[in-house]
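Here is a short tour of one protein chain. Keep the sequence and the structure side by side as you read.

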Amino acid sequence: MPEDIEPQTLDSYYHVLADERRRILVDALEPESSMTLDQLTREVYLREARTDPPETVRLSLIHQHVPLLADVDALEFDRQEEQVVAKEPAIAQLSSLLGETLS
């Protein structure tokens with residue numbers, strides 16, 4: 001368990017990583033990266049088993065997954081510009097936890 005992450009924050013991070021679509025989203029967003037919502041939708045759609053059509057993926061990102069990552073301060077989402085920006089240190093910490101769970 002990473003020692004530099006508060007237990008409450010760690011619980012929030014594990015909640016974020018409990019969903020496959022959010023794990024893909026975290027993996028797609030590298031620290032300090034920025035993507036449009038359309039780019040992120042395409043990336044998630046291509047990495048998934050493609051059981052949902054792209055528009056369903058997009059709507060789930062807007063209404064569920066992106067807001068949850070914003071709540072843990074891992075990204076910022078500009079709804080008007082439809083721009084998603086990864087934020088440090090949370091996105092790096094999530095990526096690190098994701099890497100540990102996949103190992």
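Start at the beginning of helix α2. There, a side-chain oxygen of Asp19 comes within 2.9 Å of the backbone nitrogen of Arg21. Keep in mind that this is a predicted model.

**The helix α2**

Helix α2 covers residues 20-28. Its buried residues are Arg21, Arg22, Ile24, Leu25, Val26 and Ala28. An α-helix has 3.6 residues a turn, so residues three or four places apart point the same way.

Now pick out Arg21, which sits in helix α2. Is Arg21 buried or exposed? Its relative accessible area is 10%. Buried means under 20%, so Arg21 is buried. What does the side chain of Arg21 meet in a polar contact? The partner is the side chain of Ser60, at 2.6 Å. Neighbours within four places in sequence aside, Arg21 is in contact with Val44, Glu48, Asp52, Thr56, Val57, Ser60, Leu61 and His65.

**The whole chain**

Step back for the overview. The protein chain has 5 helices and 3 strands. Their order along the sequence is α-α-β-α-α-β-β-α. The C-alpha atoms fill a box of roughly 40 × 30 × 20 Å along the principal axes.

How does the radius of gyration fit a compact globule? For 103 residues, such a globule would have a value near 13 Å. The protein chain has 13 Å, so the two agree.

Of the 103 residues, 39% count as buried. The accessible surface comes to about 6,000 Å². Carbon and sulfur atoms account for 46% of that surface. Take the contacts between residues at least 6 apart in sequence: 55% of them join residues at least 24 apart.

Charge comes next. There are 9 positive and 22 negative side chains in the protein chain. The centres of the two sets lie 8 Å apart.

**Arg58 and its partners**

Move to helix α4, where Arg58 lies. Arg58 has 15% relative accessibility and therefore counts as buried. Its side chain makes a polar contact of 3.3 Å with the side chain of Asp38. It also makes a polar contact of 2.7 Å with the side chain of Glu82. Beyond neighbours within four places in sequence, Arg58 is in contact with Leu37, Asp38, Thr41 and Glu82.

| Side chain | Partner side chain | Distance |
|---|---|---|
| Arg21 | Ser60 | 2.6 Å |
| Arg58 | Asp38 | 3.3 Å |
| Arg58 | Glu82 | 2.7 Å |

**Two buried leucines**

Leu40 is in helix α3. What is the relative accessible area of Leu40? The value is 0%, so Leu40 is buried. Setting aside residues up to four places away in sequence, Leu40 touches Leu25, Ala28, Leu29, Met35, Leu61, Val66 and Val84. Leu40 and Gln80 are 40 residues apart in sequence, and their C-alpha atoms are 16 Å apart in space.

Leu98 belongs to helix α5, residues 90-102. With a relative accessible area of 6%, Leu98 is buried. Residues up to four places away in sequence aside, Leu98 touches Leu17, Arg23, Val26 and Asp27. Leu98 and Ala18 are 80 residues apart in sequence, yet 10.0 Å apart from C-alpha to C-alpha.

**Backbone details in the loops**

Finish with the loops. Which residues does a cis peptide bond join? They are Glu88 and Pro89, and omega is about -5°. Pro89 lies in the loop between strand β3 (83-86) and helix α5.

Arg50 has a phi near 60°, a positive value in a residue other than glycine. Where is Arg50 found? It is in the loop between α3 (37-47) and α4 (54-71). Arg50 is partly exposed, with a relative accessible area of 45%.

Asp73 is not a glycine either, and its phi is positive at about 65°. The loop that holds Asp73 runs between α4 and β2 (75-78). Asp73 has 40% relative accessibility and so counts as partly exposed.

Definitions and conventions: Residues numbered from 1 in each chain as written. Predicted model: local features only at pLDDT ≥ 70, side-chain atom pairs only at ≥ 80, totals over all residues. Heavy atoms only, no water. Helix = DSSP H or I, 4+ residues; strand = E, 2+ residues; numbered from the N terminus. Rg over C-alpha atoms; globule rule 2.2 N^0.38 Å. Buried < 20%, exposed > 50% of the residue type's maximum accessible area, 1.4 Å probe, protein only. Contact = heavy atoms within 4.5 Å. Areas by Shrake-Rupley, 256 points an atom, 1.4 Å probe, with all protein chains shown as cover. Lys, Arg positive; Asp, Glu negative; His and termini not counted. Charge placed at Lys NZ, Arg CZ, Asp CG, Glu CD. Polar contact = N/O pair within 3.5 Å; in protein donor to acceptor, adjacent residues only side chain to side chain.
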